[in-house]
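Here is a short note for your review. Please read it with the sequence and the model open beside it.

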2 protein chains.
Amino acid sequence: MPNGGVDAKRAVEELKELAELTGGKDDGGSRRVAWTDEWVKAREWLEGKLSEIENVEVERDEAGNLWATLRGASEKAVLLGGHIDSVPNGGWLDGCLNTIAAMETIRALSGRDLPVTVRLVDWADEEGARFGRSLLGSSACANALDPEEVRGLTDKDGISLPDALREHSVDLDRMNESHKQLENAAAYLELHIEQGPVLERMNLPLGVVLGTFGVERHVVKFIGQHAHSGSTPMDVRRDAFIAAARSAIAFRDDAAARDDVRATTGFVNVSPAIVTAFNGVCEMSLDQRALDADVLADMLRGAKENGELISDEENVSVEWEKVWEIEPRPFDEKLVELADEAISEVAGTSHRLPSGPLHDAAEMAPLMPTVMLFVKSLRGLSHTKEEDTPEKDIEASVAAFHRLAEKTVGWMSGRA
Amino acid sequence: MPNGGVDAKRAVEELKELAELTGGKDDGGSRRVAWTDEWVKAREWLEGKLSEIENVEVERDEAGNLWATLRGASEKAVLLGGHIDSVPNGGWLDGCLNTIAAMETIRALSGRDLPVTVRLVDWADEEGARFGRSLLGSSACANALDPEEVRGLTDKDGISLPDALREHSVDLDRMNESHKQLENAAAYLELHIEQGPVLERMNLPLGVVLGTFGVERHVVKFIGQHAHSGSTPMDVRRDAFIAAARSAIAFRDDAAARDDVRATTGFVNVSPAIVTAFNGVCEMSLDQRALDADVLADMLRGAKENGELISDEENVSVEWEKVWEIEPRPFDEKLVELADEAISEVAGTSHRLPSGPLHDAAEMAPLMPTVMLFVKSLRGLSHTKEEDTPEKDIEASVAAFHRLAEKTVGWMSGRA
């Protein structure tokens, strides 16, 4: 077998097989939305493949996560994570690449006497596509899911989350009991497509993820007074949109001047929004991200100061409402080093970068040493059937993930 | 009678009487939308009052405009214009102040041997509130209405403009025949509330209007490429909203640096307008106004240049679509002088200012010497029941309008 025991070409073939079964690049995109029949079909396909691997035990936990365990001399376990669920009309790689690379890694390790245990986990409902709550299975497993926060969620047909879970033999109030799966967990590894343009622009197939960004998300509301576009001289206007526009530029410029952070204006709603008046109200979203908590706090402080200064100059008022926040989840330094080695051995060059999107790894990072690998995304696209990665890069990612698993097993056995 | 023959207090009482009959400051605002029963009621009230004035002949023309004629030695006529129609829930002064001040002026002149003819015209449907086409009656009278442009208009209940006109004995295809009313017209005078904050801020009751602004109205569309707020570094973004925001500020700053012009961003639509992505498309309206055609053209040229420069810097493209334009309609220099005199005699100080909103006077200005007077609006408000002007200022406006009519009659008789 090429690549030290792992058959990366088989992983690519299995990705295509899954796309054939439940959608992917063609046929409108993938259809593996969690808690639906096609997701069940995908998991039955996965479970069938896992059951064929020598010495592997397959089970489901109380949160609906699927585990495949290859026991070693010690119960101490290295976890390999992925999610086979997708968004509607999703790509052929987002989530299932991770699961299939983990399966191929388990296959490569299965004939050996392992010093520690290796476990694949296929998380249930990473995307939150049906009920709007992402990382559902992994947050339950991390004992970080509050059932009350999600009990009232319904899908677009009015079906409640608890009812949908019950149809898949999951009891919302017992989901956090899945936490006992982590009893002996000692490290968590995950591979994912980048979903961004960084690696492609650097012409690199692979990168090591330094952690997931912390996020500060606010709605910023500017309040002036609308009036007629003809009768109101420029110098007496209290134009809320102009204040918002100046602020959005200030937020953007601040982020652009810092090292590898983000600031994004998303929705923008003005009122009265007619051609014959300037606007008395403008409400817009600001999403700020950074890997360092102090940097993130400084960005938010700066944005509020800028918003105040600009609002004073434009004679409007400004209000901030926090709508979401999550702290940065930096990954483990030792595992980042091992991942760098694995990538360099496979691809010659590695690169370290933060993750913009969240991943199941963010739920594991506070609990155990964690790291992720990114493989190049073409044009940075994901969550669409246009999502793609060259096959040779997919193969390189499977090979590097396998090497990282081997290195982590070695590191763990030294500590076991 | 005070004020040289005009009874300005009676005009105020009649404004209140009309408000009592068809809404005004109280009771939800005025309800005199053209081509409705309450507008008919208001006009019957007006017609009744006009018919009581000695030597006055009242008639309707083919466009539904109401004329009251006080014949003088010459057929050459000075026109005093107004409109009794209002927007829904409108103010107690917009439009009807003009009509009632003209009626009071006709009353003051009616006992005299006049060298020229004086005519009041109450224009039909200045506001365009029901069918969206403003200046309907005055544009027909100016022979500037294209029936095909308005034939397809419907109100919110689906009733067509031609059907509604027919119910009021107006045939769309014959409206322009009303143009013969202007055969002997030699000057046009109109009084209006300012609908802006300029006079109030200068603590002046009255001003002379220099003309109505020319308008260039465009939809400006910026096209980049949306992507995820977390995964896309700042330096590779093609953020259409940021380009639009920078452009809106450039348009505003350019107008603020010029003398008495306007530039207004009205609606702003971004896409995909979600918190987790920057925007790939932003479409916004730009409304530019100036009294000088060359200045207006220069503003538009500058805006397009700025939009291109900014779009290049932000790596997006930009498209301009013209949605409306009208050339500036400067008023007559001699009448501006006479108006200045009239105001100075009544109020001590005059001030010259352009009109942001359009008025029926804009339709008359290309056809004959035209001028308007503005009276102070409190807080610049109009098209709302909060619209107001102190009664002493309303009285001053009626007195000044009467003096302007006297001066214009004198000027005309010199030319008759």
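This is a predicted model: local features need pLDDT of at least 70, side-chain atom pairs count only at pLDDT 80 or more; totals for chains, interfaces and linings use all residues.

1. Please read every value below as computed from it.

2. Chain A gives two or more residues from each of β8 (227–228) and β10 (277–278). In chain B, α7 (198–202) and β12 (317–326) do likewise. The largest share is that of β12(B), with three residues.

3. Largest core. The largest nonpolar core numbers 98 residues. A:Trp35, A:Leu80, A:Leu97, A:Met175, A:Leu189 and A:Val371 have the most contacts inside it. Helix α13 of chain A, residues 391–415, supplies the largest share, eleven residues. A separate second core has 97 residues, including B:Ile84, B:Ala140, B:Met175 and B:Ala342.

4. A:Val371. Which residues does A:Val371 touch, leaving aside those up to four places away in sequence? They are A:Tyr188, A:Leu189, A:Glu190, A:Val208, A:Val209, A:Phe331, A:Leu335, A:Val336, A:Ala339 and A:Leu404. One of them, A:Leu189, is also listed with A:Val371 among the core residues with the most contacts.

5. Hairpin in chain B. Strands β1 (residues 56–60) and β2 (residues 66–70) of chain B run antiparallel and are joined by five bridges. B:Arg60 stands opposite B:Leu66 in β2(B). The two strands form a hairpin with five residues between them. In the turn, B:Gly64 has a positive phi of about 85 degrees.

6. A:Ile326. This residue sits in strand β12 of chain A, residues 317–326. Is A:Ile326 buried or exposed? A:Ile326 counts as buried because its relative accessible area is 14%, and the cut-off is under 20%. Beyond residues up to four places away in sequence, A:Ile326 touches A:Phe213, A:Gly214, A:Val215, A:Leu296 and A:Leu358. A:Phe213 lies 113 residues away in sequence, yet the C-alpha to C-alpha distance to A:Ile326 is 8.3 Å.

Key. Residues are numbered from 1 along each chain as its sequence is written. Chains are lettered from A and ligands numbered from 1 in the order in which they are written. Side-chain values use heavy atoms; hydrogens and water are left out. Helices (H or I, at least four residues) and strands (E, at least two) are DSSP runs, numbered from the N terminus. A nonpolar core is a set of buried Ala, Val, Leu, Ile, Met, Phe, Trp, Tyr and Cys residues joined through side-chain atoms within 4.5 Å. Buried means under 20% relative accessible area, exposed over 50%, partly exposed in between (1.4 Å probe, protein chains only). Contact means heavy atoms within 4.5 Å. Two strands pair if DSSP finds at least two bridges between them.
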